[in-house]
Amino acid sequence: MKKIAIFPGSFDPFSIGHESIVNRALSLFDKIVIMIGYNANKKSFFPIEQRVRWINQVFQNVDKVEVKIHDGLTVDFCKEVGAQYILRGLRTSADFEYERAIAQINKQMHPEIETIFLLTLPEHTPVNATIIRDIVFHGGDASKFLPKGLNMEEFKMNSKKSNE
Ligand code: ADP
């Protein structure tokens, strides 16, 4: 059976921290589906279509990686794509406590699905989407924290739009 993992998140935007987790997990799985969680009631900073396009740009040469949007429970999405694993990144003890509860509840409800955690690389520990959004919102240059394959012109254009 193919080992399929989903990597769920809001990815608003997708950072070098996220990219690194996916790249490091490539040798563990046959396929990784990046699941952008969509909640119609929650306002995002970058439009969802744009987030999909950026992630596709980053992994355009990696066949094993797919990007999909999902509105609902992560475990339901696992069933939909036939995934047995949920991949998550851990930066801090706060991440751990938050993730622990979700993973343990998911395990109780769906014992067949395992959550796999990768510890972030030390240099990516402070990288978080909220801070990146803040930099962009105030007109700063956040490119250091964004994957190389990302079209920066489009990023700036959309940042401006998001600020309007
Ligand atoms: P969520 O809103 O579900 O936390 P995010 O888009 O913020 O979604 O993050 C998705 C996943 O990526 C989470 O497992 C998160 O812990 C992980 N992650 C976020 N930033 C980093 C980083 N800098 N290094 C490693 N993992 C990270």
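A search of the whole structure, which is a predicted model, identifies six aromatic pairs, where rings of Phe, Tyr and Trp (for Trp, the six-membered ring) are paired if their centres lie within 6.5 Å, and where planes under 30 degrees apart count as stacked, those over 60 as edge-to-face and the rest as tilted. One of these pairs is formed by Phe 7 and Phe 11, whose rings are tilted, with a distance of 5.2 Å centre to centre and 50° between the planes. Phe 7 counts as buried because its relative accessibility is 4%, and Phe 11 is likewise buried at a relative accessible area of 3%; buried here denotes under 20% relative accessible area, exposed over 50%, and partly exposed the range in between, with a 1.4 Å probe and protein chains only.

The rings of Phe 14 and Phe 59 have centres 5.8 Å apart and planes at 85°, so this pair is edge-to-face. Because Phe 14 lies in the loop between strand 1 (4-9) and helix 1 (16-25), and Phe 59 in the loop between helix 2 (48-58) and strand 3 (65-70), the pair ties together parts that are 45 residues apart in sequence. Both Phe 14 and Phe 59 are buried, and together with Phe 7 and Phe 11 they form one aromatic cluster.

Of the 164 residues, 45% count as buried. Among contacts (heavy atoms within 4.5 Å) between residues at least 6 apart in sequence, 77% join residues at least 24 apart.

Taken along the principal axes, the box filled by the C-alpha atoms is roughly 45 × 35 × 35 Å.

Residues are numbered from 1 along each chain as its sequence is written, and side-chain values use heavy atoms, with hydrogens and water left out. As the model is predicted, local features need pLDDT of at least 70 and side-chain atom pairs count only at pLDDT 80 or more, whereas totals for chains, interfaces and linings use all residues.

Technical notes: Helices (H or I, at least four residues) and strands (E, at least two) are DSSP runs, numbered from the N terminus.
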